Amino acid sequence: MTVGQRANVRLSASDVTTGNSGMKTLTYDASKSTGTTLDKSNPTFNNVLAVGNAVRNNDGSMSRTLTGTPSKVGLYENVKVTATDAVGNTTEQTVTVAVKPAPPTIETSLDNKVGQSANVVVNVGTGIPDGSTVTLQGPNNTSYTGTVKSGKATVDVPTVQSGSYIAKTTVTLPKSKGTLESEFSAPVVSSPDAIVPVIKGIPADGLTIVSGDSIDIPVTASDNETGNSGIKAFRGGSLYTKGLAEVSPAGQDLDLVNVKTNADKTVTGYVRGSINKVGEYKYLISAIDGAGNPNAQTVPVKVLPTRPT
């Protein structure tokens, strides 16, 4: 059974193997059961399940349905089921009922994460002790674990693979009663990074300078926040006239220089140079992220003969 989820259990008994005299009674008794629960309150299992009416079937067997919603994770021992046939033969079985934790929930999206590392947050719900274990299973039999703290566990995945990830919770019972595992969570499916990088630092309305002025502008290329695969290339192009004819004379060009990769996977550099000839130009700067997504930004550059007053 699973905590917090409605249980529907069918008990059945038959006398077929001993001559089929038919069944007379079928009883369920949890009044003397003993519980070992995570919160150490250790209640019995009595009255957790309601017992339905006995049903005599055409083949002489008998069945009853037990329904209810268990509220505490734990192991409940000494639950008794007793069957008596029509001539008075009685069989009693002592049953142990395990109430498992509810399936956890994976809170972290793995969209745009294939090929990257990820810290996957898994919510185990209420009532799960700190120190319990969350296991995250992924494609190709990969498996990673995290430790519960305040209802959640963070699982470090060094390299996200393409496919589904599922999680389960494992708790340790008091009194050396062993462990209980939840069912697996709903799957979270990973996908490759498909979002283009972002180029920052260029003024939104372009550059306006006076002929001969030096240009020195810091620029940054970064990958998107939801899938940081890093920047593979950050380049500056040539200077073009308004009609995209390349300008080649010396002294009329811009360059992307001092390009370096930072610890946070961003790449920084400087657009530097000078232009002596008055006119309107365009400068192309481009970036490609680690997943191969390209982005380019065209920068308008206006060169004036004198500084406006």
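Phe45 and Tyr76 are both buried, a label given to residues with under 20% relative accessible area, while exposed means over 50% and partly exposed is in between (1.4 Å probe, protein chains only). Let us start from these two residues and then walk outwards. This is a predicted model, in which local features need pLDDT of at least 70 and side-chain atom pairs count only at pLDDT 80 or more, whereas totals for chains, interfaces and linings use all residues. Residues are numbered from 1 along each chain as its sequence is written, and side-chain values use heavy atoms, with hydrogens and water left out.

**The aromatic pair**

Searching the whole structure turns up 1 aromatic pair. The ring centres of Phe45 and Tyr76 are 4.8 Å apart and the planes meet at 45°, so the pair is tilted. For such a pair, the centres of Phe, Tyr or Trp rings (for Trp, its six-membered ring) must lie within 6.5 Å; planes under 30 degrees apart count as stacked, over 60 as edge-to-face and the rest as tilted. The pair links distant parts of the chain, 31 residues apart: Phe45 belongs to the loop between strand S3 (34–37) and strand S4 (50–51), and Tyr76 to strand S7 (residues 74–85).

**The chain as a whole**

The chain has 0 helices and 24 strands; these are DSSP runs numbered from the N terminus, with helices (H or I) of at least four residues and strands (E) of at least two. Its C-alpha atoms fill a box of roughly 115 × 40 × 35 Å along the principal axes.

Of the 309 residues, 39% are buried. Among contacts (heavy atoms within 4.5 Å) between residues at least 6 apart in sequence, 63% join residues at least 24 apart.

**Thr36, a buried strand residue**

Thr36 sits in strand S3, and its relative accessible area of 3% makes it buried. Not counting residues up to four places away in sequence, Thr36 touches Asn42, Val73, Gly74, Leu75, Leu173, Pro174, Lys175 and Lys177.

**Exposed residues**

| Residue | Relative accessibility |
|---|---|
| Ser71 | 65%, exposed |
| Asn140 | 63%, exposed |
| Ser150 | 65%, exposed |
| Gly4 | 56%, exposed |

Ser71 is in the loop between strand S6 (62–68) and S7. From Ser71 to Val3 is 68 residues in sequence, yet 5.4 Å in space, C-alpha to C-alpha.

Gly4 is found in the segment before strand S1 (7–13). Apart from neighbours within four places in sequence, Gly4 is in contact with Thr69 and Pro70. Gly4 and Asn295 are 291 residues apart in sequence, and their C-alpha atoms are 49 Å apart in space.

Backbone angles bring in the other two residues. Asn140 has a positive phi of about 60° although it is not a glycine, and it lies in the loop between strand S11 (133–137) and strand S12 (143–147). Ser150, not a glycine either, has a positive phi of about 55°; Ser150 is placed in the loop between S12 and strand S13 (152–157).
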